[in-house]
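Keep the viewer open as you read.

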Amino acid sequence: MRPSVLLLLLSACGSPAKPPSPSAPLAAQPQADAEQEPKPGDKRMVVTQAMMLAIAAKTQTLASFVDAKRGVVFIDDSATPDEDARQPEAPSLKCGAQLTALVDQFQTKISADDGVKAAREEGRLRCSNKPAPPVCTLAAPMEWSPALHLVFGVDPARGVVLRGIVLNDEAGVNSDSVEKTNAAEFATIETLGAKGCR
């Protein structure tokens, strides 16, 4: 085919379609969990980033996810620099006044300027429902700053219920070690939480 005929054909067909514009950065895209959000009056059966943002904004509270009869297990596996070395407390089930103080402490942490909103903007906020248990994590921003895991269960009558709060040093630790540590901690939450509050 002669070049002049080829040019005539191309001009008749119009200019090629523009390639799709690149998508917005991940942090700027709306969360794909919107369809998992419960309708008003429905029980929440999954954990989502939108739920965590609502807790941070206090349109929902962390306390609203607590079953006072069951309590919440607290595990602090975070390390500290040598000059601030301390013995972390043993994993324990918090009930009564201790439970209230724990939940208030972490509501404040979640709602702080460097809490959930900052973690979301920096791509450090993750929520997963499978494999169980449902967990929302604020990954550590730097060394000596622990990751925060909120570990939930699903109660058929109430929906999502907070079962445990875990602080872990995970910055710079390989993912296999983190997974093994988390699995052991989640099992501890199940064991300690099974007895409930008296």
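**Cysteines, a hairpin and an arginine**

Cys 95 has a relative accessibility of 26%, so it counts as partly exposed (buried is under 20% relative accessible area, exposed is over 50%, and partly exposed is in between, using a 1.4 Å probe and protein chains only). Before going on, note that this is a predicted model, where local features need pLDDT of at least 70, side-chain atom pairs count only at pLDDT 80 or more, and totals for chains, interfaces and linings use all residues. Residues are numbered from 1 along each chain as its sequence is written, and side-chain values use heavy atoms, with hydrogens and water left out.

What does Cys 95 form with Cys 197? The two make a disulfide, with 1.9 Å between their sulfur atoms; the term means a pair of cysteine sulfur atoms within 2.5 Å. The link of Cys 95 and Cys 197 is left-handed, at -85 degrees about the S-S bond. It ties together distant parts of the chain, 102 residues apart: Cys 95 sits in the loop between strand E2 (92–94) and helix H3 (96–111), while Cys 197 is in the segment after helix H5 (175–194). Helices (H or I, at least four residues) and strands (E, at least two) are DSSP runs, numbered from the N terminus.

Searching the whole structure turns up two disulfides. The other one joins Cys 127 to Cys 136, S to S 2.1 Å. Here the torsion about the S-S bond is about 115 degrees, so this disulfide is right-handed. Cys 127 is partly exposed at 23%, whereas Cys 136 is buried at 0%. Counting bonded cysteines along the chain, the pattern is 1-4, 2-3.

Now for the strands around there. Strand E3 (residues 125–128) and strand E4 (residues 135–138) run antiparallel and are joined by four bridges; strands pair if DSSP finds at least two bridges between them. E3 and E4 form a hairpin, with six residues between them. Arg 126 stands opposite Thr 137 in E4.

Last stop: Arg 163, in strand E6 (residues 159–168). Which side chain of opposite charge is nearest to Arg 163? That's Asp 155, 4.9 Å away, and the buried Arg 163 has no salt bridge (a side-chain nitrogen of Lys or Arg within 4 Å of a carboxyl oxygen of Asp or Glu). Leaving aside residues up to four places away in sequence, Arg 163 touches several others, including Arg 70, Val 72, Phe 152 and Ile 189, where contact means heavy atoms within 4.5 Å.

Definitions and conventions:
Lys and Arg count as positive and Asp and Glu as negative; His and the chain ends are not counted.
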